[in-house]
Amino acid sequence: MKVVKNDIKYKKLIENFDCGNLSVNSFLKSNSFSDLDSTTYLWISEDEKDLIGFYSLSVGQINLDCLSISSYLGGTIKILYFAINYKYQHKKDEEGFSFGDWLLYDCEERIRELHKLIGFSFIMICSTEQGYHFYLKNDYEEFESDMTTLVYESDKKCYKLYKSIEDIL
């Protein structure tokens with residue numbers, strides 16, 4: 001596995017990437033180089049001929065709304081985007097792990113390293129319907145009814161999921 005920070009030298013690989021979701025593809029191809037609110041990491045093949053997947057990390061917070069009063073529950077590292085190239089989706093290695101499992105492992109390892117540098121309490125993701133069960137399988141939970149967070153307009157239809165940082169330390 002070779003995961004690298006997004007760089008213009010991988011632009012051709014990025015242009016050929018397709019995860020089956022137009023919005024996610026568009027972010028990677030158009031915004032991932034200029035988005036100052038997130039950092040994108042690419043999983044490329046060892047021979048650098050294929051982009052297997054990517055994820056983008058950002059920051060946020062979770063609030064607790066109780067009786068119309070909002071209070072801060074904790075800071076988050078938000079998995080802003082997470083995608084596997086369509087041709088690698090639903091494929092498993094000899095140990096039964098999917099490409100998504102391996103990329104999420106790398107993502108959470110990077111989050112563990114970030115936690116050594118800055119404090120936060122949760123990992124958060126706004127999941128599409130297609131990814132929902134993948135994250136539940138990996139111990140993410142749905143937001144409780146009294147939990148809120150800032151959600152981009154494009155994420156309004158997504159499932160808000162979280163995991164305590166303590167679960168990966």
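The model is predicted: local features need pLDDT of at least 70, side-chain atom pairs count only at pLDDT 80 or more, and totals for chains, interfaces and linings use all residues. Residues are numbered from 1 along each chain as its sequence is written, and side-chain values use heavy atoms, without hydrogens and water.

**Strand S5**
- S5 pairs with strand S4 (residues 69-84) in the parallel sense over 4 bridges (pairing takes at least two DSSP bridges).
- Thr76 stands opposite Phe122.
- S5 also pairs with strand S8 (residues 159-164), in the antiparallel sense over 6 bridges.
- Ile125 stands opposite Leu161 in S8.

**Aromatic pairs**
- The whole structure holds 13 aromatic pairs (ring centres of Phe, Tyr and Trp, its six-membered ring, within 6.5 Å; planes under 30 degrees apart are stacked, over 60 edge-to-face, the rest tilted).
- Phe17 and Phe54 pair edge-to-face, at 5.6 Å centre to centre and 80° between the planes.
- Phe17 lies in the loop between helices H1 and H2 and Phe54 in strand S3, so the pair ties together parts 37 residues apart in sequence.
- Both Phe17 and Phe54 are buried.
- The rings of Trp43 and Phe99 have centres 5.6 Å apart and planes at 45°, so this pair is tilted.

How values were computed. Buried < 20%, exposed > 50% of the residue type's maximum accessible area, 1.4 Å probe, protein only.
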